[in-house]
Amino acid sequence: MSLDTGTEALARLAEERVDHRFKGLPPDADGLTVAELAAQRRNLFTDGFTTPVLALSAERLEHNLRLMETYATRHHLAFAPHGKTSMAPQLFQRQIEHGAWGITLAVPHQVRVARAYGIQRIFLANELTDAAALRWIAGELATDPSFRLVCYVDSVRGVELMDEALRGTVRPVDVVVELAAGEGARTGVRTEAECAAVADAVAGTDTLRLVGVAGYEGEVPQADPERVHAWLRRLIALAVDFDKADRFKGVTEIVVSAGGSAWFDAVADVFAQIPELSLPVLKLLRSGAYVSHDDGHYRKITPFNRVPEEGALEPAFRLWSQVVSRPSAEQAFVNAGKRDAAYDLDLPFAQVVRREGTAERPATGIEVTGLSDQHAWLRTAPGADLEVGDWLSLGLSHPCTSFDKWQLIPVAEADGTVVDYIRTFF
C-alpha cells in the first residue's frame, strides 16, 4: 500500500460511526462520526462520558513522543518503536512524524494492520514461517517497491520453510539472524557457530537476503547492567564477524537492532562502540512502551531512572471508574475490572478522586486490592473520603495490555477537553 493510500485510510478512521462497540463514549453520541464527536470537544467529566472510560493525556502523549525522538537523535540511533504496544495506526503515524524509521511488529496480523495504514518500513521481530503470511508479504514487496520489511531468522529449519514458501517471488525478504539472549532465554540462536549455520542457509537461497543481526536484551537471564552490556557486545561482535566473512552481499547497509523499554540506555552505550564496517550501519532501537508509559512496571524499570539528565517519561493513561458500592468504612468497589484494566504485571493504582462540585484531590488512603471481571476491590483507610458516585482515577501498569482492552480511546487535555480518539486494532 502506498503512503498516499495509507493517509486516506487514516482519514477514514475519522468517518467511523460511534455506537455501542466503543466503551465509555457518550450514549447520545451514537450515530456521529468520530470526527464530528471530536469537533464537539466534549469534556470527559461533564459531557456524557460513562464509566469506566480509559483516556490518554494529550500533553503527556506528546511529551513522550518528543522525548524519545530527542533521545534517539542524541544517541545517533534509528528508531522503530514496537507497534504491538498500541496497535494504533494513528500513533504509528505520530511516531513516524517524530522521526521513527519505521514500526516494529511481532506477527503477520500486525503487519497487515500497519500496511493497511501505509507504513512503509516494518521490522518483524519474530521468525515468520507461516506460508500464507509469507506469500502475502511477498505480494506486498512485489507491488510496492518502496516497502521494506526486515524479519528475524533463528534456525536453519525456519530458513528452509521461508524459502519454500517464497520460491518464485520477485523480491527477496530481508532477514537478520536473531542472537538469543542466553541459555533458557526466549527465541534466537544460542551460539555464534549456529548463527553462522543459519547465515549459510540464508546464503543458499534466492528468496532471502541477510542484512544484519538482532536480538532482545530484555530476555537476558538475571538481567543487570553488566550482563546486558556483555550480551550487546556479543551482538556487535557477531555483526563484525559476519562482515569480515563477507556475508552481507548485495546490501547497502548493515542492520544491527536491539532495544526494549528497560535497557535502551545500554543499547545506546554499546551501539556507540560499533566499529567501522564495510557498509554503513543502521543502529535500530525498538522500544515501544514509551508512547504511553505507565504508573507501574515501566515507571520502575525505565532507563530514564538511571539517566535522569536525559529526561523522564510521563504516564499518559488514566482509567476513570465510579464508586458503585461502599459497604463498610474499610471497603469500596468501583465499576472497572479485568475487562477494563491491565493486571498482568500489577494491579491498578488509585490516583485521584473527583466529586461533583468539588476540586479533584489525591486518592489518599485508597488502595486497589483485587479485580473481578467488572469491579475493582478497594481497601479504604480510616477517614478516607470516598462516596458512592465519586469518580476514581486508576493508574495502570503495562501499556501493552492496557491498549488492547479498548477499541476507541479519548485523548483528553488537562482540563478534560477531549480533542481526539485513538482507534486500536488487536
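Start by selecting helix α3 (residues 58-74) and helix α4 (residues 89-97), whose axes come within 9 Å and cross at roughly 40°. The two helices are therefore oblique to each other, and α3 passes α4 in a right-handed crossing. Keep in mind as you look around that this is a predicted model.

Now show the side chains where the helices meet: Leu61, Glu62, Leu65 and Glu69 in α3, and Leu91, Arg94, Gln95 and Glu97 in α4. By class, this contact has three nonpolar residues, one polar and four charged.

Select Ser57, Arg60, Arg318, Glu413 and Ala414 to find its centre; they are the closest to it of the 22 lining residues. The lining holds ten nonpolar, three polar and nine charged residues.

Next, move to the largest pocket, with about 550 Å³ of space. Of its 31 lining residues, His82, Lys84, Arg186, Tyr216 and Gly260 lie nearest the centre. Colour β4 (121-127) and α11 (297-301), the elements that each give two or more residues to this lining; α11 gives the most, with three. Here the classes are 15 nonpolar, eleven polar and five charged.

Finish inside the protein, at the one cavity of 30 Å³ or more. Select Ser261, Phe264, Ala289, Tyr290, His293, Tyr298, Thr302 and Leu313 to see the lining: five nonpolar residues, three polar and no charged.

How values were computed:
Residues are numbered from 1 along each chain as its sequence is written. This is a predicted model: local features need pLDDT of at least 70, side-chain atom pairs count only at pLDDT 80 or more; totals for chains, interfaces and linings use all residues. Side-chain values use heavy atoms; hydrogens and water are left out. Axes are lines fitted to C-alpha atoms, for helices over the stretch in contact, and angles run from 0 to 180 degrees between N-to-C directions. Helices (H or I, at least four residues) and strands (E, at least two) are DSSP runs, numbered from the N terminus. Angles under 35 degrees count as roughly parallel, over 145 as roughly antiparallel, 65 to 115 as roughly perpendicular and the rest as oblique. A crossing is left-handed if the near helix is turned anticlockwise from the far one by less than a right angle, and right-handed if clockwise. Contact means heavy atoms within 4.5 Å. Ala, Val, Leu, Ile, Met, Phe, Trp, Tyr, Cys and Pro count as nonpolar, Asp, Glu, Lys and Arg as charged, and the others, Gly among them, as polar. On a 1 Å grid over the protein atoms alone, a cavity is a set of points where a 1.4 Å probe fits but cannot get out, and a pocket is an open set with protein on both sides within 12 Å along at least five of seven lines; lining residues have an atom within 4 Å of a point. Grid points are joined across faces, edges and corners, and a volume is the space filled by probe spheres set on the points.
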